[in-house]
Amino acid sequence: MFESLQMGKYAFYIWTSYGLTLVVLVANIIIPLSQERTLLRTLGRKLRRKRRDNNESKA
Amino acid sequence: MWAFLHKFSSPKYFYFLSGRLIPWFAWSCLAVMLVGLYYGLFEAPPDYQQGESYRIMFVHVPAAWMSMFIYMVMAVAGGIGLIWHIKLAEIMAASSAPIGASFTFLALVTGALWGKPMWGTWWVWDARLTAELILLFLYLGVIALNSAIEDKRTAARASGVLALVGVVNIPIIHYSVEWWNTLHQGASVTKLDAPSIHISMLIPLLLMAVAFKLYYATVVLMRARCEVLDRERNSSWVQDLISAK
C-alpha cells in the first residue's frame, strides 16, 4: 500500500508541501493553547495578589 | 433569532458555548482530513499530464480557497464591528487575521513547490500570484494594525477599514486567470458548467476543503476565546472562572 507514497521524481515537492502544511496547521493550534495558559496563569496570579492585599488592608 | 444572536454575542455566553463546540469541530476536522488524505494520496490516480505532482493540489487549492474565505469573514466581521460596535465581531476579525495569513502563506509556498516542477520556476509575477501576495500583505497589515494600536477598540476600527478596502482584491484573485493571460491554470471546480476534474480527484479535494473549513472553525474559536478572556479580565465571570481553577 505504501509503495504508492514514493511519488517518483516529485517526492521532494509533494512531501515538502504536505510537511509545511502540517507544520503551519499544528503551529496554529499550539499558539492559542499556550497563549491561553499564559493568560490564565497571569490572571490567577493577579487575583491572588489582590486578595492578599485586601486581607492585609483589613488586618 | 435576534434574541439568540444577542445572547451569542455576549462574551460570557460565547466563551462557554465555544468551549463546548471546539472539540466537535476539532475531531470532525481530523476525521474528514484523514479520509481526504487517504483518497488523495492512495485512491486518486496520477494525473495524465502532471503525474504525481498534482497531489499538491489537495493542500494548495483548499488553502487558497481558505485564504479568500477567511478574508471575507474577517472583512464582514470587521464591518459589523465598525457599524454596530459589537465587541465579539471585532474579536472574530482580529482572531481570523493570523489564520488567514497562515493559509495565504501555505497557498503561496505550495504553489511555488508545484510551479517549480510544472512551470520550471518557483515564482512568476503573474496576475494571480501577485494578487495572492497582496492578500498576504493585507493580512499582515491587519495584524500589524491590531498589535500596534494599544486601545483594542481603536485598533479594531483601523484594521476593519483596511480589511474592507482590501476586499477589492478578492474578485481580482478569483477572476485573474480569466482577465489576464497567466501561467496559472484556470478554475476547474468553481465553474458554471460541470467541473472539469475527474470525480476521483474531486472527492478528496472537496473533503480537504471541508476539513480546512472545520480547522478554521476550531482555531478561530480557540483564539477568540483567549481574546475574550483577555478583554473581559476585570468582569465578575472571569474572576469567578479564575478563582475556581
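**Stop 1: a salt bridge in chain B**

Select Lys87(B) and Glu232(B): their side chains form a salt bridge, with the closest N and O atoms 3.0 Å apart. A salt bridge here is a side-chain nitrogen of Lys or Arg within 4 Å of a carboxyl oxygen of Asp or Glu. The two partners come from distant parts of the chain, 145 residues apart, with Lys87(B) in helix H4 of chain B and Glu232(B) in the loop between H8 and H9 of chain B. Helices (H or I, at least four residues) and strands (E, at least two) are DSSP runs, numbered from the N terminus. Lys87(B) counts as partly exposed, at 29% relative accessibility, whereas Glu232(B) counts as buried, at 12%. Buried means under 20% relative accessible area, exposed over 50%, and partly exposed in between (1.4 Å probe, protein chains only).

This is a predicted model, in which local features need pLDDT of at least 70 and side-chain atom pairs count only at pLDDT 80 or more, while totals for chains, interfaces and linings use all residues. Residues are numbered from 1 along each chain as its sequence is written, chains are lettered from A and ligands numbered from 1 in the order in which they are written, and side-chain values use heavy atoms, with hydrogens and water left out.

**Stop 2: Arg231(B) and its partners**

Next select Arg231(B) with Glu90(B), which meet in a salt bridge at 3.8 Å, N to O. This pair also joins distant parts of the chain: Arg231(B) is in helix H8 of chain B and Glu90(B) in helix H4 of chain B, 141 residues apart. Glu90(B) is buried, with a relative accessible area of 7%.

Glu227(B) and Arg231(B) both lie in helix H8 of chain B, four residues apart, about one turn of the helix. Over all chains, the whole structure has nine salt bridges.

**Stop 3: Ile91(B)**

Now select Ile91(B), in helix H4 of chain B. Is Ile91(B) buried or exposed? Ile91(B) is buried, at 2% relative accessible area. Setting aside neighbours within four places in sequence, Ile91(B) is in contact (heavy atoms within 4.5 Å) with Ala224(B), Glu227(B), Val228(B) and Arg231(B). The C-alpha atoms of Ile91(B) and Leu221(B) are separated by 9.9 Å, and the two residues are 130 apart along the chain.

**Stop 4: chain A and its contact with chain B**

Select chain A, which has one helix and zero strands. Of its 59 residues, 31% are buried. Then show both chains: the contact takes 33 residues from chain A and 40 residues from chain B. About 3200 Å² is buried between them, 76% of it from carbon and sulfur atoms; buried area is the accessible area (1.4 Å probe) that two parts lose on being put together, summed over both.

Which residues form the salt bridge between the chains? Arg225(B) pairs with Glu36(A), the closest N and O atoms being 3.4 Å apart. The count between chain B and chain A is one salt bridge.

For the chain B side of the contact, select helix H2 (11-43), helix H3 (57-84), helix H4 (87-119), helix H8 (199-231) and helix H9 (236-244), the elements that give two or more residues to it. H4(B) gives the most, with eleven residues.
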